[in-house]
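Trainee: I have a model open and want to learn how to read it. Can we go through it feature by feature?

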Amino acid sequence: MAGNRTDACADGRPRPWRRRRGKGEERRPGPPGPYTMLPWLLMGMGAFSNLFQGEAPNPWLGGIGLFAFNSLYVSVVFRGFDRKKRESPVSYWLLAAMTAVTLALAIGYGGSWLLFFPLLSLACGSILRERQLAFGVLGLAVVATLVAVWRGHGGSDPWTIGYGTFISGAVTAAILTLAETVMELRATRQELARTAVEKERLRFSRDLHDLLGHTLSVIVVKSEAARRLAPRDMDAALTQVADIESVGRQALTEIREAVTGYREGSLATELDRARSALTAAGIEPVLRRSGPPLAPQTEALLGWVVREAVTNVVRHSHATTCSFVLEGTAERVRLTVTDDGRTPVVPPSPGIGGTGLKGLTERLAAAGGSLKAGKGPEGGFVVTAQLPVEPGPADAEAAPGPVPGHTLGR
C-alpha cells in the first residue's frame, strides 16, 4: 500500500507498519541507539595499554576498576535509551557508582586514565536532563580540570580534559533530546493522520445517513401518492413519478458531493424540498421568517436541520401541519420546527434521540450552536436549533419581517 498501515498491538494500541520503499527511495533515518555509544569506550585503550605493558602500579586493582567502569558505562548507556529505566532511581545509583570508580582511577593513575571523565560525561548526558544535566556536566568538568591539574599535567592538558568533559555530556544530551523530540513528532503526525481518517469516516457516515434517510423518505411518500392518484388522475400520478425521478437524480449528485466532502447545503433549497415532501404526504407546510441574511455555512447547517426534521415528520408524526419559524438577531439565529402530530417523533426522554438528531447535535455544537428536540407543550414535536450568526454579504438587503401563515414555496 502507498501509506502506513496500523494494526492493534497486544495492549490495544495501534502498531505502525513500515511502508515498503520503492526503487531508489531513500530510507528515513531513525533515532540513534545505545550501540552508537559503545565505540567511545575505545578512549580507554590508553589505560588498557598501561595495564598490558605493566606501566601502571597495582595492575590487578586497575584491571578490576577498568572492568567495573566499562560494565557500568554499558549498563548506564543502555538504560538511558529507555525513558522508564532512565528515570528510575537505579540509573542514578549506577551513575553515582560510575562517578566514584572514575574518580578513584583518575586520581590513582592520572595520565590516559583521565579520559574516563569524558566517558563519564557521555553517560551523564544519556541519563540526566535539564537542570540536573547542567549542574552535573559543569560540576564534572570542574572536577576533571582540578584532578588533571593536581596530577601534574601542566599547559593546556587540564583545560582540554575539562572542556572535553563538558562538551561530551552537553552534545550527547542535545542529540538524544532532539532524537526523542523527532520520535514524538512522528508519533504525533501518525496520530493526527489517524484522527483525520476517523473524522472523515464520521463525516461521511453522518452525511450519508442524512442524505439517504431524507431522500428515501421523500421517494416512499411520493410513490404512495402516485399509487393513490393513478386510478383517478394519471396526470397527477405522472407528476409525482417525475418528482421521484428528480429526487433520485439530485440524491446521486449529493452523494457524490458528500463523498468528496464539498457539499454545501442551501436553506432555501431545503425549504423548497420540504414543501414538496410535506405536500405529497398531505401535511401543510408553513414558514415564518425574520432577521438579517445568513452566512452560507449557517444556512447549510440549518438546511441539515430542516432536512432531518422533515424526514422525521413525514415518517413518524401523522401530522396535518408543520411550521418553520426562523428568527435572527445580530448575534444568533434560531430555527424552530413544530408539527401537530399525535405521536412524538422520538421517545420523550431527556437529551436527543435518534442517529440523525444526534449527528445534528454534534454538527451544531462544533459550530458553537445547540439543538433541542422533544414533545411540544400542546402536543406534537418541536425541534429547536440555535447558531451564532456569521457575517453575511455586506450588500445584502434586510430580510422581510414575519409573514404569518405564509406557505412554503414560490
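Trainee: Let's start with the sheet. In what order do the five strands of the open sheet come?

Mentor: First the general idea. Strands of a sheet pair through backbone hydrogen bonds, either parallel or antiparallel. In this predicted model, the order is β3-β4-β5-β7-β6, and the pairing is mixed. β3 (284-290) and β6 (370-375) are the edge strands, each pairing on one side only. Neighbouring strands of this sheet are turned by 10° against each other on average, direction ignored.

Trainee: Which way do β3 and β4 run, parallel or antiparallel?

Mentor: Parallel, with seven bridges joining them. For a residue pair to find on screen, take Leu 287 and its bridge partner in β4, Phe 324.

Trainee: And how do β4 and β5 run, parallel or antiparallel?

Mentor: Antiparallel. Strand β4 covers residues 321-328, strand β5 covers 332-339, and seven bridges join them.

Trainee: How many bridges link β5 and β7?

Mentor: Eight, again in the antiparallel sense, with strand β7 spanning residues 381-388. Look for Thr 338, whose bridge partner in β7 is Val 382.

Trainee: How should I think about side chains along a strand?

Mentor: In a regular strand the side chains alternate between the two faces of the sheet. Now look for what packs on this sheet. Helix α10 (residues 296-317) lies across β3, β4, β5, β6 and β7. Its direction is at about 10° to β5.

Trainee: Is Glu 130 buried or exposed?

Mentor: Exposed means over 50%. Glu 130 has a relative accessible area of 71%, so Glu 130 is exposed. The residue belongs to helix α6 (residues 130-150). Check the backbone too: Glu 130 has a positive phi of about 55°, although it is not a glycine.

Trainee: Which residues form the nonpolar patch on the surface?

Mentor: Leu 138, Tyr 163, Phe 166, Ile 167, Val 171 and Ile 175. Together they have about 540 Å² of accessible area. Helix α7 (residues 157-229) gives the most to the patch, with five residues. Ile 167 is in helix α7. To join a patch, a residue needs over 30% relative accessible area. Ile 167 has 31%, so this residue counts as partly exposed.

Trainee: Finally, the overall view. How many helices and strands does the protein chain have?

Mentor: Eleven helices and seven strands. The protein chain has 410 residues, and 37% of them count as buried. The accessible surface of the protein chain comes to about 23,900 Å², and 61% of it belongs to carbon and sulfur atoms.

Trainee: What share of the contacts with a separation of 6 or more comes from residues 24 or more positions apart?

Mentor: In the protein chain, that share is 69%.

How values were computed
Residues numbered from 1 in each chain as written. Predicted model: local features only at pLDDT ≥ 70, side-chain atom pairs only at ≥ 80, totals over all residues. Heavy atoms only, no water. Patch = residues over 30% accessible without salt bridge, like charges linked within 9 Å, V, L, I, M, F, W, Y side chains within 5 Å. Areas by Shrake-Rupley, 256 points an atom, 1.4 Å probe, with all protein chains shown as cover. Salt bridge = Lys/Arg side-chain N within 4 Å of Asp/Glu carboxyl O. Helix = DSSP H or I, 4+ residues; strand = E, 2+ residues; numbered from the N terminus. Buried < 20%, exposed > 50% of the residue type's maximum accessible area, 1.4 Å probe, protein only. Pairing = 2+ DSSP bridges. Axes fitted to C-alpha atoms, helices over the stretch in contact; angles between N-to-C directions. Contact = heavy atoms within 4.5 Å.
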